[in-house]
Amino acid sequence: SLAAIDEKVISKVLSRPWTADGQTFRDRCWTNKESLVNTVNQEITRMVIRGEAPDRAIRTISQKFDVSRQKAGRLVMTESAYFSSAAQSFELILTTRDMHELTLTAHELANTCELCGSMDGKVFKRSEYAVGLTAPPFHPWCRGCTCPHFADMDGIGERYARDAVTGERFKVPKDMTYGQWRAKQNELYGAGTVEK
């Protein structure tokens with residue numbers, strides 16, 4: 001069993017200077033946070049308005065804050081996923097007034113994480129929408145998404161998955177969960193092919 005999370009304790013741990021230079025955990029991750037927030041906001045806004053790939057935003061943040069492209073990429077892609085998820089939810093609210101539930105969808109790939117795999121196919125009320133809890137992104141580099149859920153459409157439609165060994169795309173029933181896909185891949189190729 002897991003111990004209950006005490007937010008005050010976590011906040012104290014994260015805000016306590018623990019290094020020789022007196023910086024907190026947050027300070028060590030990024031310096032000049034206000035400038036970072038403004039730059040990320042500006043770069044993502046530019047990226048979305050122009051329909052650009054994230055390369056420019058990643059390069060700008062990497063150079064301006066002297067961090068690796070991997071760190072800058074993780075930040076840009078995760079923030080982009082957050083805004084994309086929020087925009088998708090807002091659009092669904094505006095265009096689909098009779099849609100009251102959302103389904104979480106994880107990619108059926110060998111490298112899908114345990115958290116996203118376990119959330120695949122779960123249905124939440126639209127009123128419970130909360131990024132990180134009931135909607136992606138759940139973690140950095142998260143690729144999950146939400147879709148409208150209509151109970152009378154269960155069992156109708158298909159979606160794509162990838163073969164765990166060959167990487168080839170193939171269609172699966174829309175309602176097949178990541179767990180079911182993983183079990184099928186392990187059945188085809190032997191136990192442990194897709195480990196989680």
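User: Starting with Asp120: buried or exposed, and why?
Analyst: Asp120 counts as buried because its relative accessibility is 6%. Buried means under 20% relative accessible area, exposed means over 50%, and partly exposed is in between, with a 1.4 Å probe and protein chains only. The areas come from the Shrake-Rupley method with a 1.4 Å probe, and for residues only the protein chains shown count as cover.

User: What kind of model is this, and what gets counted?
Analyst: It's a predicted model, where local features need pLDDT of at least 70 and side-chain atom pairs count only at pLDDT 80 or more, while totals for chains, interfaces and linings use all residues. Numbering starts from 1 along each chain as its sequence is written, and side-chain values use heavy atoms, with hydrogens and water left out.

User: OK, where does Asp120 sit, and what does it touch?
Analyst: Asp120 is in the loop between H6 and strand E2 (123-125). Helices (H or I, at least four residues) and strands (E, at least two) are DSSP runs numbered from the N terminus. Leaving aside neighbours within four places in sequence, Asp120 contacts Leu104, Thr105, Ala106, Glu108, Arg159, Met176, Thr177 and Tyr178; contact means heavy atoms within 4.5 Å.

User: How many cavities of 30 Å³ or more are there?
Analyst: One. On a 1 Å grid over the protein atoms alone, a cavity is a set of points where a 1.4 Å probe fits but cannot get out; a pocket is an open set with protein on both sides within 12 Å along at least five of seven lines; and lining residues have an atom within 4 Å of a point. The largest cavity holds about 40 Å³, a volume being the space filled by probe spheres set on grid points joined across faces, edges and corners.

User: What lines the largest cavity?
Analyst: Asp120 is in the lining, along with Leu104, Thr105, Ala106, Cys116, Met119, Pro136, Phe138, Gly144 and Cys145. Strand E1 (101-105) and helix H6 (114-119) are the elements that each give two or more residues. By class, the lining has seven nonpolar residues, two polar and one charged. Here Ala, Val, Leu, Ile, Met, Phe, Trp, Tyr, Cys and Pro count as nonpolar, Asp, Glu, Lys and Arg as charged, and the others, Gly among them, as polar.

User: And the second largest pocket, how much space is in there?
Analyst: About 330 Å³. It has 18 lining residues, and the closest to its centre are Thr103, Thr105, His149, Lys174 and Asp175. E1 and strand E3 (145-149) each give two or more residues to that lining.

User: Switching topic: which residues make up the largest nonpolar core?
Analyst: Twelve of them: Leu36, Val40, Ile44, Met47, Ala57, Ile58, Ile61, Phe65, Val67, Ala72, Leu75 and Val76. A nonpolar core is a set of buried Ala, Val, Leu, Ile, Met, Phe, Trp, Tyr and Cys residues joined through side-chain atoms within 4.5 Å. Helices H3 (33-50), H4 (55-64) and H5 (69-95) each give two or more residues, with H3 giving the most, four. Apart from that core lies another, of seven residues, among them Leu104, Cys116, Met119 and Phe124.

User: Last one, Glu158: buried or exposed?
Analyst: Exposed, because its relative accessibility is 54%. Glu158 is in strand E4 (residues 158-162) and, not counting residues up to four places away in sequence, touches Lys171, Val172, Pro173 and Lys174.
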